[in-house]
Amino acid sequence: METTVVDVPERGRFEIRQGERVLGLASYHVDNGQMTLPHTEVDPSMGGRGIGTTLIAGVLSAARERGLTVLPYCSFVRHYIQQHPELIELVAVDDRPHFGLETADR
């Protein structure tokens, strides 16, 4: 069964679904061209399968497509950006030190 990342703006979150089953979510809100990402969670029974990674990849791809910068308050999102330095551009230069990302833009 296919896994998809779906924006659910009326609930302020992206969901990762397998069919109709929600496996995880990333909450967000957008204001003044910035997507704030405070929280991500994945069904504990699905841990270790890359569900969170797939979810965050989809969220950050959507932010890029929409021309938004991100505020990665969620530690999982920050870690993902650190592991994928090509995504550092999604965090405004002035915001990077606040999130411990000032050295991530090698």
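Tyr73 comes out as partly exposed, with a relative accessible area of 42% (buried means under 20%, exposed over 50% and partly exposed in between, using a 1.4 Å probe and protein chains only). Phe99, at 7% relative accessibility, is buried. The model is a predicted one, where local features need pLDDT of at least 70, side-chain atom pairs count only at pLDDT 80 or more, and totals for chains, interfaces and linings use all residues. Residues are numbered from 1 along each chain as its sequence is written, and side-chain values use heavy atoms, leaving out hydrogens and water.

The structure has 2 aromatic pairs (rings of Phe, Tyr and Trp, the last by its six-membered ring, with centres within 6.5 Å; planes under 30 degrees apart are stacked, over 60 edge-to-face, the rest tilted). Phe14 and Tyr28 make a tilted pair, 5.0 Å centre to centre and with 45 degrees between the planes. Phe14 sits in strand E2 and Tyr28 in strand E3, so this pair links parts 14 residues apart in sequence. Phe14 is buried at 3%, and Tyr28 is buried at 11%. Tyr73 and Phe99 form an edge-to-face pair, at 4.9 Å and 80 degrees.

As for the helices, H1 (residues 51-65) packs against H2 (residues 75-83) at about 80 degrees, with the axes 10 Å apart. H1 and H2 are therefore roughly perpendicular (65 to 115 degrees; under 35 is roughly parallel, over 145 roughly antiparallel, the rest oblique). The contact (heavy atoms within 4.5 Å) involves Gly52, Thr53, Ile56, Ala57 and Leu60 of H1 and Phe76, Val77, Tyr80 and Ile81 of H2.

How values were computed
Axes are lines fitted to C-alpha atoms, for helices over the stretch in contact, and angles run from 0 to 180 degrees between N-to-C directions. Helices (H or I, at least four residues) and strands (E, at least two) are DSSP runs, numbered from the N terminus.
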